[in-house]
Amino acid sequence: MENVGMIILDINDIPPGSTLASPIYMRGSKLIDKGINISEKIINLMKNWGVAEVKVVVDDSIVLQESKAVSQELHSKLFNEIEMVFKKGLTDGNYSKIKGLIQDLINEIASNGICMAELGKLKLYDLYTYNHSVDVAIMSISAGMILGYSGVKLKNLAIAALLHDIGKIVISPAILNKNGKLDADEYEEIKKHPEMGKAILEQIGGIHTSIIEAVHRHHEWYSGEGYPGRIAGERIPEMARIIAIADACSAMGSKRSYRDPQSTCAIREQLEVCSSTQFDTEIVRIFLLNIIVYVPGKKVKLSDGRDVIVISSGNHPGRPIVREIFSDCNFGEIIDLSDENRLNLTIVPK
Ligand SMILES: [Fe+2]
Ligand SMILES: [Fe+2]
């Protein structure tokens, strides 16, 4: 193969016989190595494990830029650590392990440039909170770097993001894992988790107040309609305002028992709608320009029904350059969606 590219495909769209471009990890273990030929049997196995998307190698006349993302291995390590915290509680021991891994995460994001969020990586419902916590940390670090955070301040933001839902440890699993909508009493119970989180972190001791405050305030709204304190605007710590947006993006991008993950397109629209009420407008702008963007290699659908892949985000993160793709992994026309002659075409939510 002369020109080799990579493409992220939905598990249901993989042509049998494709080559796996990156290994499949789950809970810290490598289940399938890269380079393997993906047979129908392997596709079914991955579906059973809950894998939603995989990166495959394609023979291509253009070399696709590999998406800048945190390695699956580091994601998996963080996932395991946060899973232990949620199962066994936060201790001095696992807190220092988390601090070490957070430094690795910051280094990886710094060396990759701005990281594209990998929303809802494994999309398994029962693993939701752990994956969610890691995704929120990745996005918060990316936004923090753009806002000029570095050193201890960036590390504190990352730790707060990773532990933002730690208060859910004390909420009944029956409520947390409920299949369907919560009733009013159950919702009141869930709403206790920011205060519970604050209490848990205070009990550990030695945790910076900015981390505790960010965890405590991550459900406050910029308009003052959130909880627990109904505080508004700049009174909400900036770290909490960042985490609130990352939190919503991760939640929208993940599969839940009652709905499918929302597309990048739908998440972008929702962020715009909630800008200035729920969220800080300036920080939303950072997410729209740098974080919730169409990752090169990602397959999307156009409003005229064509399947395309993103080649580059071009000059307009909401209207990237795409290329038509056919089911046999052959490619067609290259379309710059920011071109004024192409403004009638849009990416549609899946
Ligand atoms: Fe939360
Ligand atoms: Fe959350």
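The model is a predicted one, and its chain contains twelve helices and ten strands. Of the 350 residues, 42% count as buried, and among contacts between residues at least 6 apart in sequence, 63% join residues that are at least 24 apart. The largest nonpolar core comprises 84 residues, and those with the most contacts inside it are Leu-105, Ile-141, Ala-158, Ala-160, Ile-243 and Phe-287.

Helix α1, which spans residues 40-49, lies largely in the open, because the number of buried residues among its ten is one. Gly-50 follows α1 and has a positive phi, near 90°.

Helix α9 (residues 209-216) and helix α10 (residues 238-253) have axes that come within 8 Å and cross at roughly 45°, and the two helices are therefore oblique to each other. Their crossing is right-handed. On the α9 side the contact involves Ser-210, Glu-213 and Ala-214, which meet Met-239, Ala-240 and Ile-243 of α10; by class, the residues of this contact divide into four nonpolar, one polar and one charged. Ile-243, already named among the core residues with the most contacts, is in contact with Val-136, Ser-140, Ala-160, Ala-161, His-164, Ala-214 and His-218 when its neighbours within four places in sequence are left aside.

The loop between α9 and α10 holds both Pro-228 and Arg-230. Tyr-227 and Pro-228 are joined by a cis peptide bond with omega of about 5°, while Arg-230 is a residue other than glycine with a positive phi. For context, most residues other than glycine have a negative phi, and most peptide bonds are trans. Ser-276, another residue other than glycine whose phi is positive, is placed in the loop between α11 (264-274) and α12 (281-291).

| Residue | Phi | C-beta neighbours inside 10 Å |
|---|---|---|
| Arg-230 | near 50° | 11 neighbours |
| Ser-276 | near 80° | 13 neighbours |

Arg-230 counts as exposed because it has 11 C-beta neighbours inside 10 Å, and the exposed class extends to 12 or fewer. Ser-276, with 13 such neighbours, therefore counts as partly exposed.

Technical notes:
Residues numbered from 1 in each chain as written. Chains lettered and ligands numbered in written order. Predicted model: local features only at pLDDT ≥ 70, side-chain atom pairs only at ≥ 80, totals over all residues. Buried ≥ 20, exposed ≤ 12 C-beta atoms within 10 Å, placed from the backbone. Helix = DSSP H or I, 4+ residues; strand = E, 2+ residues; numbered from the N terminus. Axes fitted to C-alpha atoms, helices over the stretch in contact; angles between N-to-C directions. Parallel < 35°, antiparallel > 145°, perpendicular 65-115°, else oblique. Left-handed = near helix turned anticlockwise from the far one by under 90°. Contact = placed C-beta atoms within 7 Å. Nonpolar A, V, L, I, M, F, W, Y, C, P; charged D, E, K, R; others polar. Core = buried A, V, L, I, M, F, W, Y, C linked by C-beta atoms within 7 Å.
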